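Work through the exercises below with the structure in view. Each task is followed by its solution.

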Amino acid sequence: MAGSTGGGETIMATSATVHAHAAPQGFIRKYIFSLDHKVIGLQYYFLALTAVFVGMFLSLLMRIHLVWPAAVLPLVGEIKPETYLSLLTMHGTIMVFFVLTTAPQGGFGNYFLPIQIGAPDMAFPVLNMLSFWTTFVAFVVILAAFFVTGGAPLHGWTGYAPLSALTNSGPGQQLGADLWITSIAIFCIASLMGALNFITTTLDMRAKGMTMMRMPLTVWAWFITAILGLLAFGVLLSAGILLLLDRHLGTSFYIPLVVVNGQVMGHKGGSPLLWQHLFWFFGHPEVYIAILPGMGVASQLLSTFSRKPIFGYRAMVYAIMAIGILGFMVWGHHMFMSGMSPYSAFAFSIMTMAIGVPSAIKTFNWLGTLMHARIRFQTPMLFAIGFVSLFVSGGLSGPFLAQPVLDIPLHDTAFVVAHFHLIMGVAAIFGIFAATYYWFPKMFGHMMNEGLGKIHFFFTLIGAYCIFMPMHYLGMAGQPRRYSQFTELAYLHHLIPLNTFITYAAIITISAQFIFLFNLFWSMFKGPKASDNPWEATTMEWTTATPPPHDNFGGKTPVVNHGPYEYNVPGAARDYIMQTDPATVASH
Amino acid sequence: MATFNPLISVRDREAGQGGGNTHPPVSGGDGGGRGGDSSPDYGARLRRARLGLAVASVSITMLFVAFTSAYIFRQGLPTFDERTGEYVRDWLTLNLPMTMLLVNTLLLLLSSVTMELARRQITRQAALAPVESIPGVSLGRERYFPWLGATVVLGVGFLAGQWMAWRELSDRGFYVATSPSSSFFYLLTAAHGIHLTGGLLVMMYAVTVSLLRKPVEARRIVVDVTAWYWHFMAFLWLYIFGLLWFMR
């Protein structure tokens, strides 16, 4: 089947030499404890899909409570301030770790990175399986926090000490917080294993002719994301270990002399700022871990559906690298409120604004790709354009918050909520949607319904803007974030109608996600049969069968002769040249 | 025997590839023939495993970089004293159990040497394996020293020594929560010990599979990668010891 659409040169090899393990037969080895990167990718994807619905449900409860505080809600009953905080904590944690980190990298990266570089599998298939199941355990552990005595923790997804470091600081801070820390630590280990696999695979398993500068931008994004994960998750793990020691062995890394409920605690001399430094040294790169794969997908799709080479391929690669490097130098901008030296704040501020440069390079290159193009406005493309739109809208408030003088009044308001939801949350989710609609035919062998896809797109794009754009205004008008109730505060009364509007927008947008869910599962079985290359794309996943065989290329090892985005090459017979097409086809 | 080049078995399989050395080697061009090519490519697997280890070492390094920055941060942090109302330093200088730690360091460095000897021994064995499999060719009986076993013994000795160093410290009244300096001592030694235990478990696995008649080339990969990991652990210990000593 390999090369059925590309018809390129292949080197025959016995399956034993290209693929270390044979295709499994039993159900358990095939679908549960599978070593196949494609099955593992799908496992990650469905884990993230479950997590995103849990996270979304929690956000819905919060939005309803904010505008109708007296409402008694299903499953949680009456929402007390501490209930609200635990909803907030769990929403953030589940979304950041189990959705935004899991789906783009663990899901699509696992499935498509090996195929796009022409490899039969990941470098270490057993490790790959272990990293998924470790992530699964982490997810079960975090969900368990809902059901223990005291409930889920209150300390936010950022787990700030000393609230997180003391076991008697709130109802959810006993077992709930222990489960939270344990879950994050397990997740760190899983992510480190995954990052190791991604990096080794990219460096060592590329097919003949697949030079680094011929890699699709998706592969570059997954590769750099893996490097960020490798450097960042170890630091979060160390921070978590210190937190557990403070909680259970009486050490004072994060806890100063502190009095809780009139009782002097035994700790002294620690600093909550130490947690903030360690956490944000991880936390800021984490933002890029969530968004870089989306950038890769957007680049891939804008080029494919514009039928044009990506504008400035090399600049795109260097911009991803620059964002990755700068991402490790800006963690202090989350801590302007901490009373840091103005000189440090100034340095962090300059570095943060410098990220605007590679981000702008990417944005203008995306626009350059779209310029003068005969664009095919199919659903994956709509979501890719939506990604660019949200990236710009969410990104533009970044330089505001990068300045300490503006960040200090805005930091604890809804403005920051609007900023990071647009850029890190919704933009990354649009990347996931774009990837889903684009790769669904390859993964499941059927096409998704275009009509439902477009309805889903417009509801989600307009809905997301209706939710998050007004939040900037709420923030500037002084509405604090993390407060469970504001309707009692007279100075915020005039904001109630806008808040009600946001809640309605959230209800409609969340409801629209069921269109997607229906389309996903309905198309899996009832969608029209997909051809091997329905989008007429160039990268290697489209040269193989649909869905791809166990070793990806049916016992053959592909050879790459072309770059990833050779669309509309002058002199070529078709308007696209696949990476595996013979070198004799006109190329540049 | 003496003139056999051990590199041949690792490198010559890449003939089917071109354009850089980053590709998984495949057997070149003999599509129809199955015979002989069904054996896994140990050269590529070794290279991949070594690369994987190098990447893993980066993440372990980051873990200890984070601990180090916390160490330096916490050491310089003034503490509010509620009795005097002034800021004081609560970092008690730790009298390290030096004799014990020096003996342990010696044990670990020695184990690094024995591990390296084990690695070289199995590299030679793996290189000779294809020659020995030729009918009628005999290389004579080479005597193999159980270097791996020796490394396990020395490694366990190191861990036992670290345990005794802990005991010595706790006998003097320094527990985990006594002072930030003692907290970090227990934390760093424990984190290193856990990583070292991982290496020991892999070594024991390698010793076990050598009894199960697995191909020597496969065992060689395990031993080779464990050896580099073990050297990394020895280096890491020297770093931790240096940190604890020079930044008391």
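**Exercise 1.** State the order of helices and strands in chain B, and count them.

Solution. Along the sequence, chain B runs α-α-β-β-α-α-α-α. That gives six helices and two strands, where helices (H or I, at least four residues) and strands (E, at least two) are DSSP runs numbered from the N terminus. The model is predicted: local features need pLDDT of at least 70 and side-chain atom pairs 80 or more, while totals for chains, interfaces and linings use all residues. Residues are numbered from 1 along each chain as its sequence is written, and chains are lettered from A and ligands numbered from 1 in the order written.

**Exercise 2.** Describe how helix α4 (residues 81-116) and helix α15 (residues 414-444) of chain A pack.

Solution. Step one: their axes, lines fitted to C-alpha atoms over the stretch in contact, come within 11 Å and cross at roughly 30°. Angles run from 0 to 180 degrees between N-to-C directions, and those under 35 degrees count as roughly parallel, so α4(A) is roughly parallel to α15(A).
Step two: M95(A), L100(A) and F108(A) are among the α4(A) residues that meet α15(A), whose side includes M424(A), G431(A) and W439(A); contact requires C-beta atoms, placed from the backbone, within 7 Å.

**Exercise 3.** Which residues does F387(A) contact, leaving aside neighbours within four places in sequence?

Solution. F387(A) is in contact with G294(A), A298(A), A427(A), F430(A), G431(A) and A434(A).

Note on methods:
Angles under 35 degrees count as roughly parallel, over 145 as roughly antiparallel, 65 to 115 as roughly perpendicular and the rest as oblique. Two residues are in contact if their C-beta atoms, placed from the backbone, lie within 7 Å.
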